[in-house]
Amino acid sequence: MSKLILNMTMSLDGFAAGPNVRPEEPMGNGGEELHRWMFKNGSTDESPGKFQAEFFENIGAYIMGRRTLDLGLEPWGENPPYHAPCFVLSEEPHETITKQGGTSFIFVTDGVHGALKQAQEAAGSKDIVVMGGANAAQQFINAGLLDELYIHVAHMLLGSGTRLFDNLTIKPAELEKIAVTDALGATHMKFRFRK
Amino acid sequence: MMVSLDGVMQAPGGPEEDTSGGFKYGGWTYAYSDEAMGEIITKELSMPFDLLLGRKTYEIWSAYWPKQTGSIADPFNKAKKYVVSGKGVDLTWKESILIDGDVVAKLKALKAEDGPQLHVWGSSVLLQTLLKNDLVDELRLRIYPITLGSGKRLFAEGTIPAAFELLDSTALPSGVILANYKRAGEVKTGSVA
């Protein structure tokens, strides 16, 4: 059965990006460092470290916010690392953007439920990852649609920026720990939502 | 100490490292040596230390490390090597010092001296002497998620009743558990019924 997983990194003080997110600094000021753990010792898209492998293997579809796509489209290049359909939450419609290597960006205008439905059709029995940004994450948390949370807490404080867990309208929710491990300057926490 | 779940510490590094007793699984840490493990080892070797080794481990290491360079080889080659042996041993490795005769007394004296920490690697036979004589201050275990069934064991006939304090524990994504213990007092008993 396909799982819907939120997989994101935040600083210890809870920021998914630093302040002043802009094309020149897509992760905001100081935010590049958040993802450093993924690229330790020269891991690249071609030879991924163990965590990159987990982020990309057995995933049938991705969901992301429009802003994340706008900022990421150029840096991800002609052959983005997703190699699967990516459903983009967007107010405005847009034609599908098809890249090399099996990645395509499909714009969805009927919200999280619409995006999830299309992602499930595309993913089949494989899992679906909500990979960012914070706004998209919050929408999925508030809609109660996620099965699992993979949060990588980078061992750093950012001080300010975009809080990952902001604007939540949920009632207090206990999580079930799947695994907590530590490596490369980040603590990796996997939780299941108690339904 | 790299150790399997069932307490085996023989030949973690490679198939030819130590095949005594017909041990067939040399190199059992290979599948778990990722960047995370590498970072832990590098950090540990970046602190000042001298080595305390039993004869068999010394013989294996002195044939291998002097030919290597790098972030692991360099600190090993640089450190003083105290080698415990009753039978005598060829001290071919630079900076090697023999400890024979009344080993326990000499080790107590060595510990009382000024100097960097003494790190023991391998040395399953020497370890039993160290444990039995309560000479171990810290146990740094790297527990691998495997059982091996047979082989030289970390805790053999040397253990004594002793309590420890857990200083630090980490689960690595590969499944290896790091657990660092400090020697801390005596075993307490009671009834939980």
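Before I start: I count two strands as paired if DSSP finds at least two bridges between them. Helices (H or I, at least four residues) and strands (E, at least two) are DSSP runs, numbered from the N terminus.

**Ground rules**

I am working on a predicted model, where local features need pLDDT of at least 70, side-chain atom pairs count only at pLDDT 80 or more, and totals for chains, interfaces and linings use all residues. Residues are numbered from 1 along each chain as its sequence is written, while chains are lettered from A and ligands numbered from 1 in the order in which they are written.

**Chain A, overall**

I began with the inventory: chain A holds 4 helices and 11 strands. I looked up its extent next, and the C-alpha trace spans about 40 × 40 × 30 Å along the principal axes. The radius of gyration (taken over C-alpha atoms; the globule rule is 2.2 Å times the number of residues to the power 0.38) came after that. For 195 residues a compact globule would come out near 16 Å, and chain A has 16 Å, so the two agree.

For burial I call a residue buried if 20 or more other C-beta atoms lie within 10 Å of its own, exposed if 12 or fewer, and partly exposed in between, with C-beta atoms placed from the backbone. Of the 195 residues in chain A, 35% are buried. Contacts here are pairs of residues whose C-beta atoms, placed from the backbone, lie within 7 Å. Taking the contacts in chain A between residues at least 6 apart in sequence, I find that 65% join residues at least 24 apart.

**The sheet of chain A**

I traced an open sheet of 9 strands with mixed pairing, in the order β5-β6-β4-β3-β7-β1-β8-β11-β10 of chain A. Its edges are β5 (97–98) and β10 (175–183), each of which pairs on one side only.

A:Ala183 has A:Ala186 as its bridge partner. The hairpin of these two strands has 2 residues between them, and A:Leu184 there takes a positive phi near 65°.

**Helices over the sheet, and the core**

For helix directions, axes are lines fitted to C-alpha atoms, for helices over the stretch in contact, and angles run from 0 to 180 degrees between N-to-C directions. Helix α3 (residues 111–123) of chain A lies across β1 (4–11), β3 (59–65), β4 (85–89), β6 and β7 (127–132), and runs at about 160° to β3(A). Helix α4 (residues 134–142) of chain A lies across β1, β3, β4 and β7, at about 130° to β7(A).

Which residues of α4(A) are buried? I noted A:Ala134, A:Ala136, A:Ala137, A:Gln138 and A:Ile141. A reminder to myself: an α-helix has 3.6 residues a turn, so residues three or four places apart point the same way. Just after α4(A), A:Gly144 has a positive phi of about 65°.

A nonpolar core is a set of buried Ala, Val, Leu, Ile, Met, Phe, Trp, Tyr and Cys residues joined through C-beta atoms within 7 Å. The largest one has 73 residues, and A:Tyr62, A:Ile63 and A:Ile128 have the most contacts inside it. I followed A:Ile63: leaving out residues up to four places away in sequence, A:Ile63 touches A:Phe87, A:Ala115, A:Ala119, A:Ile128, A:Val130 and A:Ala136.

**Chain B**

Chain B has 5 helices and 8 strands, in the order β-α-β-α-α-β-β-α-β-α-β-β-β from the N terminus. Its C-alpha atoms fill a box of roughly 60 × 40 × 35 Å along the principal axes. A compact globule of 193 residues would have a radius of gyration near 16 Å; chain B has 17 Å, which agrees. Buried residues make up 23% of the 193 residues.

I then looked at β8 (residues 177–183) of chain B, which pairs antiparallel with β6 (residues 138–144) of chain B over 6 bridges. B:Ile143 has B:Ile177 as its bridge partner. β7 (residues 164–171) of chain B is also antiparallel to β8(B), with 7 bridges, and B:Glu165 is the bridge partner of B:Lys182. β7(B) and β8(B) form a hairpin with 5 residues between them, where B:Gly175 has a positive phi of about 105°.

B:Asp34 sits in the loop between β1 (2–4) and α1 (35–45) of chain B. B:Ser174 is 140 residues from B:Asp34 in sequence, yet their C-alpha atoms are 7.8 Å apart.

Technical notes:
Two residues are in contact if their C-beta atoms, placed from the backbone, lie within 7 Å.
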